[in-house]
Amino acid sequence: MKVAILGAAGRMGHMLCDLVDRSEELELVAKCDVREDYPRTWPAGTEAVIDFTFHEAVPANITKAAEEGVVYVLGTTGLTDEEQKSVEAAAKKIPVVQSGNYSLGVNLLLGLVKKAAEVLGIEYDCEVVETHHRHKKDSPSGTALMLAKVAAEGRDQNFDDVSIFGREGMVGERPQGEIAVHAIRGGSVIGDHTVMFAGDVERIEITHKAQTREAFAAGALRAALWAADKKPGIYNMRDVLGL
Ligand SMILES: NC(=O)c1ccc[n+]([C@@H]2O[C@H](COP(=O)([O-])OP(=O)(O)OC[C@H]3O[C@@H](n4cnc5c(N)ncnc54)[C@H](O)[C@@H]3O)[C@@H](O)[C@H]2O)c1
């Protein structure tokens, strides 16, 4: 499969290019970036585009991919509602895999968190805490959002009605059923996520720590191969892994 990496000069881009170079099933046809010395776009004949760039870059690239019938693996996070609409429009024409986290561990964690939320209910206060390196631009992380959303799903709640992002000032007592998301930034942390369910007599904490970016890159490449024969639509990493 002929793949192009968008954001090739970035942290994820380097790891993706390295893994494609080592793969027998994938051929790297373009390393694209907006930085100097990189081509901006992919050549004709590209079969899959893997996008780990910046949210503002997504609409133009995914629209072009849809016109050309190219598989799109979207790892970029922090999309606005308007940008997300461009992803949904493209997915009417091409298979798009979109995930805020392509690692096997986090996708397993999503299932565990949903189950815990189902069993524990709103009597256990749910808080999501994420830590990332100082260069990360969006907050909270796409993964923290996914985790908080599956917790709401597990408790039959509407996420927008119960979620808050950080606390400051005289906020009053914690209302039952709230799901709070907190972001920590510092150093070179690749990505840590903890979901806490705190009850009156016990507390459960489920934690995932990414040790190298290879965890995400390997998943994104697997998603590209998986999507090759899929119908147009938006798929996530749990679809790819059959979870
Ligand atoms: N889904 C996941 O599993 C996962 C994992 C890690 C990071 N991410 C996300 O991936 C994105 C990139 O993360 P990073 O740490 O590699 O960032 P980074 O800043 O190191 O790299 C981003 C690269 O994209 C390039 N870029 C920006 N606009 C572009 C455009 N229009 N065309 C081509 N290239 C463009 C930048 O020049 C830069 O080289 C972020 O949104 C991050 O949150 C997702």
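Me: At what angle do helix α2 and helix α3 pack, and which term describes their arrangement?
Reply: In this predicted model, helix α2 covers residues 58-68 and helix α3 covers residues 81-90, and their axes are 9 Å apart. The packing angle is about 5°, and angles under 35 degrees count as roughly parallel. Therefore α2, relative to α3, is roughly parallel.

Me: Which residues of α3 are met by α2, and how do the residues of this contact divide by class?
Reply: From α2 the contact draws on Val58, Pro59, Ile62, Thr63, Ala65 and Ala66, and these meet Glu83, Ser86, Val87 and Ala90 in α3. Taken by class, the residues of the contact of α2 with α3 come to seven nonpolar, two polar and one charged.

Me: What share of the contacts in the chain with a separation of 6 or more comes from residues 24 or more positions apart?
Reply: Of the 243 residues in the chain, 38% are buried. Among the contacts with a separation of 6 or more, the share that joins residues 24 or more positions apart is 69%.

Me: Into which domains is the chain divided, and which helix gives the most to the side of domain 1 that touches domain 2?
Reply: Domain 1 takes in 2-102 + 213-241, while domain 2 takes in 104-209, and their centres, taken over C-alpha atoms, are separated by 27 Å. Ten residues of domain 1 are in contact with 13 residues of domain 2, and on the domain 1 side α7 (214-227) and α8 (237-241) each supply at least two residues. By class, that side of domain 1 has three nonpolar, five polar and two charged residues. With three residues, the helix that gives the most to it is α8.

Me: Which peptide bond is cis, and where is Pro140 found?
Reply: Most peptide bonds are trans. The bond from Ser139 to Pro140 is cis, with omega near -5°. As for its place in the chain, Pro140 is found in the loop between β6 (125-132) and α5 (142-154).

Me: With which residues is Asp138 in contact, leaving aside its neighbours within four places in sequence?
Reply: Asp138, too, has its place in the loop between β6 and α5, and it counts as partly exposed because it has 16 C-beta neighbours inside 10 Å. The C-alpha atoms of Asp138 and Gly100, 38 residues apart along the chain, are separated by 12 Å. Once the neighbours within four places are left aside, the contacts of Asp138 are Thr77 and Gly78.

Me: Is Glu130 buried or exposed?
Reply: Glu130 is found in strand β6, and, not counting residues up to four places away in sequence, Glu130 touches Pro140, Ser141, Thr143, Ala144, Ala183, Ile184, Asp192 and His193. A residue is buried if 20 or more other C-beta atoms lie within 10 Å of its own. Since Glu130 has 26 C-beta neighbours inside that distance, it counts as buried.

Me: Where is Asp156 found, and what is its phi?
Reply: Asp156 has 10 C-beta neighbours inside 10 Å and therefore counts as exposed. Asp156 is found in the loop between α5 and α6 (159-162), and, although it is not a glycine, its phi is positive, at about 60°.

Me: What distance separates the C-alpha atoms of Arg174 and Asp125?
Reply: Arg174 is found in the loop between β7 (163-165) and β8 (179-185), and with 13 other C-beta atoms within 10 Å it is partly exposed. Arg174 and Asp125 are 49 residues apart along the chain, and their C-alpha atoms are separated by 8.7 Å.

Technical notes. Residues are numbered from 1 along each chain as its sequence is written. This is a predicted model: local features need pLDDT of at least 70, side-chain atom pairs count only at pLDDT 80 or more; totals for chains, interfaces and linings use all residues. A residue is buried if 20 or more other C-beta atoms lie within 10 Å of its own, exposed if 12 or fewer, and partly exposed in between; C-beta atoms are placed from the backbone. Two residues are in contact if their C-beta atoms, placed from the backbone, lie within 7 Å. Domain bounds come from an automatic or database domain assignment. Helices (H or I, at least four residues) and strands (E, at least two) are DSSP runs, numbered from the N terminus. Ala, Val, Leu, Ile, Met, Phe, Trp, Tyr, Cys and Pro count as nonpolar, Asp, Glu, Lys and Arg as charged, and the others, Gly among them, as polar. Axes are lines fitted to C-alpha atoms, for helices over the stretch in contact, and angles run from 0 to 180 degrees between N-to-C directions. Angles under 35 degrees count as roughly parallel, over 145 as roughly antiparallel, 65 to 115 as roughly perpendicular and the rest as oblique.
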